[in-house]
Structures are given as C-alpha cells and as structure tokens.
Amino acid sequence: AIEDLATALSNRYEIKISSNKKNPFFRLLDMAMSVVNNRKRCQLIIVDVFSTYALTFSCLVILLAKLFNIPYIPVLRGGYLPERYRKNPRIFNFLLTDARTIISPSEYLQKSFQNNSFPIIVIPNYIDLEKYSFKSRKKIKPHLLWVRSIHNIYNPSMAIHVLGKIRKIYPDARLCMVGPVKDNRVMEQLKILISRLDLQDHVLFSGQLSKIEWTALSKDYDIFINTTDYDNNPVTLLESMALGLPIVSTNVGGVPYLIDDNVTGLLVEAKKSEQMAEKINELISGKIDGYQIARNAREEVSHYDKNEIIKQWCQTINEFN
C-alpha cells in the first residue's frame with residue numbers, strides 16, 4: 001500500500017514522490033530537496049511515520065513543511081510508535097500538533113494516541129484483490145511461510161523455534177523465510193540457531209522477493225506465520241488472507257483489529273513459540289478447520305480492497321482543496 005499509494009493517487013492529483021534512494025543519507029537528502037524545490041507549488045505533504053531510524057526522515061520533512069507553511073498529513077505506520085511516544089513525547093508533539101489531520105492504518109494507533117487529542121482518522125492499508133488468487137487448502141501440510149524483514153522487531157528466531165517444535169511431530173516440516181536482511185547480526189544468530197536445532201535442510205531463506213514472486217511462492221506453502229513483537233496493519237497479513245493461507249500470528253499491536261481469533265485466523269501471545277506450534281499442529285491435524293478460517297479471512301479482506309480505500313484517501317485530500 002505504501003509503495004502503490006502515490007501511483008494510485010496520481011490518477012487524480014499531481015504527485016511528487018520521494019524517495020526511492022537505497023542509501024539512507026541520499027534518501028534523506030532527496031526528501032529534503034523535494035520539499036524545498038516544490039515548496040511554492042505544493043498544496044499538501046503526505047509523510048509516512050515509521051518507528052525505526054526512518055523516524056528521522058519524517059521529522060525533517062515535517063520541519064520543512066512547518067518552515068514553508070505547507071499543510072501536511074502524517075501517516076502513522078510503525079507498530080512501535082506508542083512506545084516511541086512514551087519515551088520521546090516532545091518529538092511526537094512536534095510532529096503531530098500542527099498536522100491538518102493524522103492517518104493511521106488501524107484503530108490500534110488511533111486508540112493509542114486518543115488521550116493526546118490528536119485528530120487521527122483510520123484509513124486501512126489495502127491490496128488489489130484482483131491480483132491475488134485464492135487457493136483452497138483442504139488438507140494442510142506442515143509447510144510454513146514467513147514474510148518480513150530479518151530484524152529483531154519481527155522476532156524471526158521465534159519462527160525457527162516453532163519449526164523445531166513442529167518437526168518433532170512432522171519430520172518433513174519446512175519453513176520459508178522471505179524478506180531482506182536488515183540486521184546482519186540477527187541473521188548470524190538465526191544460522192546458529194538453525195544449526196543447533198538441526199534444521200539446515202528444513203529452512204529456506206529466499207531473500208527479498210517482489211510481490212509477484214512471493215505470492216507465486218505461497219502456492220507451495222499451507223500456513224502463514226507472523227511472529228512479530230510489534231505491528232500495526234501489516235499488508236502481508238492482508239495478502240495471506242487473500243491467498244487462502246490460514247494465519248497464525250502473535251496477538252500484538254493492530255493485529256487483533258485485523259484478525260478475529262479462531263474466525264479469520266489464530267492468535268497467540270508474543271514470544272510464545274509453544275502456543276504457536278500448538279495452533280499449527282491443530283491446523284494440520286484438522287482439529288481446527290483451517291479451510292473455513294481461510295474462507296472467512298478471504299471474505300474479511302474484501303473490505304480492504306484498493307478501490308474502496310482509495311476513495312477514502314481522496315475524500316480526505318479533497319478537504320484541503
């Protein structure tokens with residue numbers, strides 16, 4: 001949704017996009033120069049606010065927006081933002097106080113900041129449902145799929161522990177982890193853990209894949225696991241719901257606002273690999289009807305279709321014209 005939003009809105013508005021630079025310094029510079037060079041014509045700045053180091057980028061863009069008196073809308077993306085606010089309230093008061101409105105993709109962040117009188121509205125992340133083919137999985141196999149960046153915030157080691165427990169029951173169990181390596185130290189720890197649990201032949205790291213590539217890959221897997229410690233409104237869960245993958249996820253952040261436990265997915269406590277392994281076993285054994293959960297999830301995700309969500313964005317933007 002983040003990558004596609006500007007393209008979708010460009011059908012209705014003149015949009016300048018920044019930044020696609022890989023290097024953080026050049027990305028920061030590109031974002032700053034984009035604001036400076038377009039300051040006289042720009043009517044509105046939409047800036048994504050994450051909870052990791054990219055928060056610095058948001059601060060700079062909003063500082064320039066205030067300096068040039070350009071209306072701006074922060075979009076709260078990071079699931080760790082409530083904790084960041086508690087640690088640095090002055091930074092967030094600076095970022096949010098003068099915003100025309102604030103958008104959150106989930107009710108989680110809206111409720112987290114509701115005591116601060118910030119004008120937060122919810123516009124969910126979205127997917128283009130037409131691009132996702134639902135696969136019926138009436139017989140679920142111990143083939144697990146994990147899609148996030150290799151970073152501590154997503155707790156990838158929990159996925160390895162879960163596989164280790166599942167393999168004690170199902171020797172042919174396997175796990176594919178899709179995503180870029182954001183922390184080399186974490187990656188080295190995962191390799192050590194895999195070796196210690198004797199899972200070398202059962203774990204595949206695909207690296208970063210395009211959306212088309214990983215959704216095609218998903219046909220070879222039967223359960224999507226989400227092990228993150230912090231989250232907001234993850235698009236990967238929306239995609240998995242559309243693809244027919246029953247989801248087992250940690251019950252954190254905005255996830256319970258998206259997944260109805262035992263109806264559209266299964267929720268477990270954060271860091272509890274035993275609970276996740278147990279739920280997976282119940283899906284494989286048929287104790288829990290994974291096919292029905294997947295059908296329910298596909299129906300639920302229809303509310304997050306691109307066409308409907310873009311209408312909400314346009315209504316919000318038009319208020320400033």
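Angles under 35 degrees count as roughly parallel, over 145 as roughly antiparallel, 65 to 115 as roughly perpendicular and the rest as oblique. The structure is a predicted model, in which local features need pLDDT of at least 70 and side-chain atom pairs pLDDT 80 or more, while totals for chains, interfaces and linings use all residues. Residues are numbered from 1 along each chain as its sequence is written, and side-chain values use heavy atoms, without hydrogens and water.

Q: How are helix 7 and helix 12 oriented to each other?
A: The axes (lines fitted to C-alpha atoms over the stretch in contact, with angles from 0 to 180 degrees between N-to-C directions) of these two helices (DSSP runs of H or I, at least four residues, as strands are runs of E, at least two, all numbered from the N terminus) cross at roughly 50 degrees and come within 9 Å. Helix 7 and helix 12 are therefore described as oblique.

Q: Which residues of helix 12 meet helix 7?
A: On the side of helix 7, the contact (heavy atoms within 4.5 Å) involves Met-158, His-161, Val-162, Lys-165 and Ile-166. Their partners in helix 12 are Ser-273, Glu-274, Met-276, Ala-277, Ile-280 and Asn-281.

Q: How far apart are the end C-alpha atoms of helix 12?
A: Helix 12 covers residues 273–285, which is 13 residues. Because the expected span is 1.5 Å times one less than the number of residues, helix 12 should span 18 Å. The end C-alpha atoms agree with that expectation, since their separation is 18 Å.

Q: What covers the buried residues of helix 12?
A: The buried residues of helix 12 (under 20% relative accessible area, where over 50% is exposed and in between is partly exposed, with a 1.4 Å probe and protein chains only) are Ser-273, Met-276, Ala-277, Ile-280, Glu-282, Leu-283 and Ile-284. The elements that cover them include strand 5, helix 7, strand 8, strand 9, strand 10 and helix 13.

Q: Is Tyr-170 buried or exposed?
A: Tyr-170 sits in the loop between helix 7 and strand 6, and its contacts, leaving aside residues up to four places away in sequence, are Pro-142, Asn-281, Ile-284 and Ser-285. With a relative accessible area of 19%, Tyr-170 is buried.

Q: What separation do the C-alpha atoms of Tyr-170 and Ile-317 have?
A: Along the chain, Tyr-170 and Ile-317 are 147 residues apart.

Q: How is helix 10 oriented to helix 13?
A: Helix 10 (residues 235–243) packs with helix 13 (residues 290–301) at an angle of about 120 degrees, and their axes are 7 Å apart. That angle makes helix 10, relative to helix 13, oblique.

Q: How many residues of helix 10 are buried?
A: Helix 10 is mostly covered, and what covers its buried residues includes strand 5, helix 9, strand 8, strand 9, helix 11 and helix 13. Among the buried residues are Val-235, Glu-239 and Leu-243. The count for helix 10 is 9 of 9.

Q: Which residue just after helix 10 takes a positive phi?
A: Helix 12 is followed by Gly-286, whose phi is positive, near 95 degrees. Just after helix 10, a positive phi of about 90 degrees belongs to Gly-244.

Q: How are helix 2 and helix 3 oriented to each other?
A: Helix 2 (residues 24–37) and helix 3 (residues 55–67) pack with their axes 10 Å apart, at an angle of about 15 degrees. The two helices are therefore roughly parallel.
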